[in-house]
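Below is a short briefing on one structure. It covers a sheet, a helix packed on it, and the nonpolar cores.

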Amino acid sequence: MRIALLMNLAPRKLGSFEGWLVEFCREARRRGHTLDVLGKRPVHPEFARSLGEMGVEWDEIDELELDPVEALARLRGYDILHLNMFAPRSFVALLAYAAWPARVLFVDRTGGQPVGLGPQPGALRALLSKTADRLTMVRVNALAGVSDFVRDRNRARFSLDERRARTIYNGVDTRRFSPGPARQAAPALVLTIAHLIPEKGVDYLLHAFAQMRHREARLRIAGDGPQASHLAQLAAELGLEGRVDLVGLTNDVPALLKEADIYVHPTLAEAFGLAIAEAMATGLPVVASRLGGIPELVEDGVSGLLVEPRDSKAIARAIDLLLDVPELRMRLGRNARTRAVERFDVRGCARAHLLWCEEHHRRRGPLAALFASRPAGGEAGP
């Protein structure tokens, strides 16, 4: 089987998504498949080296847009087109749909409309969008959501039956992300890792830190993005100088997690939450927003604490509680590690995606099934 993995992402760091890509390629080669990866630049040298050692080609996906005719000829040569991080009607997605007879598998990793942000569409626009959605899925063999929340949202949006939509959870390397020695240092260190945009809700975490009883605790914010300077200014306005550290983008996330006592994820939208899964695998208790796919990762009161989004007071109370009761903090962290290993390991995730590809390589696509004759007994063909 020839697979093209198309991604609207530059693998510029060594995060869990890049780790999944490498594991996907490794599993594909182990199963005897040919695989090419098309993505954006820049490419982290170690990521490129890992693909090269497996004999996997990496090409720049933007080149497909330069010559659509040549791009279609190339894409038609694959058995499976595995789409990641593209909007359903983006140019690359439309090229994939046009590349008959290649089978198209669409992965949705998005969290949907952020809580409290963005206008709602009018009735006419919603109707036109719904009609376009149904037409879009005619050429998609199947869709996978990275959580039940994402799967169910897409089933409703695209009117998909259960055979064409499934959940394949994201995965993290639970060997790379693993608990370190018990941390004895004081003061307590709270960590969040995020792309610094409004949808990640980091400003609510800063407001929570200003309201906490444990004034000695420190906050570390890892990641970059357009809100970085705003968050630094907000920390100063809230009187948090010396307690908040913005460390920027880093490749050594496992080390950051091992240095922390609590992980907080105050997002306003989330499909799954790879950073949450990384923290859980490291054995950290998690405080996170109760929305999207997060409740499928974090069992409230068992492997972490869930709070309502945009509620700084609730975030502050949850962090204070974990600092007040070390036994609770340790128990939640142990349970989080167990859950991550059992349900969100990257090797199981890669195998699930490859099995999905193999299944649809053998199965007729939706257009073929639409025009196929029905066998005796009235049942649709396989």
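**Helix on sheet**

Helix α11 (residues 274-281) lies across β8 (189-193), β11 and β12. The helix runs at about 165 degrees to β11. The model is predicted.

**The sheet**
- An open sheet is built from 6 strands, with parallel pairing.
- The strand order is β10-β9-β8-β11-β12-β13.
- β10 (244-248) and β13 (304-307) are the edge strands, and each pairs on one side only.
- From one strand to the next, the twist averages 20 degrees.

**The β11-β12 pair**
- Strand β11 covers residues 262-265 and strand β12 covers residues 286-289.
- The two strands pair in the parallel sense over 3 bridges.
- Y263 stands opposite V286 in β12.

**Y263 and its contacts**
- Leaving aside residues up to four places away in sequence, Y263 touches L191, T192 and I193, among others.
- Its contacts also include A275, I276 and A279.

**Nonpolar cores**
- The largest nonpolar core holds 61 residues.
- Within this core, L257, Y263 and I276 touch the most other members.
- Helix α1 (residues 16-30) gives the most to this core, with 7 residues.
- A second, separate core has 35 residues, including V202, L268, L305 and V307.

**Putting it together**

Terms used:
Residues numbered from 1 in each chain as written. Predicted model: local features only at pLDDT ≥ 70, side-chain atom pairs only at ≥ 80, totals over all residues. Heavy atoms only, no water. Pairing = 2+ DSSP bridges. Helix = DSSP H or I, 4+ residues; strand = E, 2+ residues; numbered from the N terminus. Axes fitted to C-alpha atoms, helices over the stretch in contact; angles between N-to-C directions. Contact = heavy atoms within 4.5 Å. Core = buried A, V, L, I, M, F, W, Y, C linked by side-chain atoms within 4.5 Å. Buried < 20%, exposed > 50% of the residue type's maximum accessible area, 1.4 Å probe, protein only.
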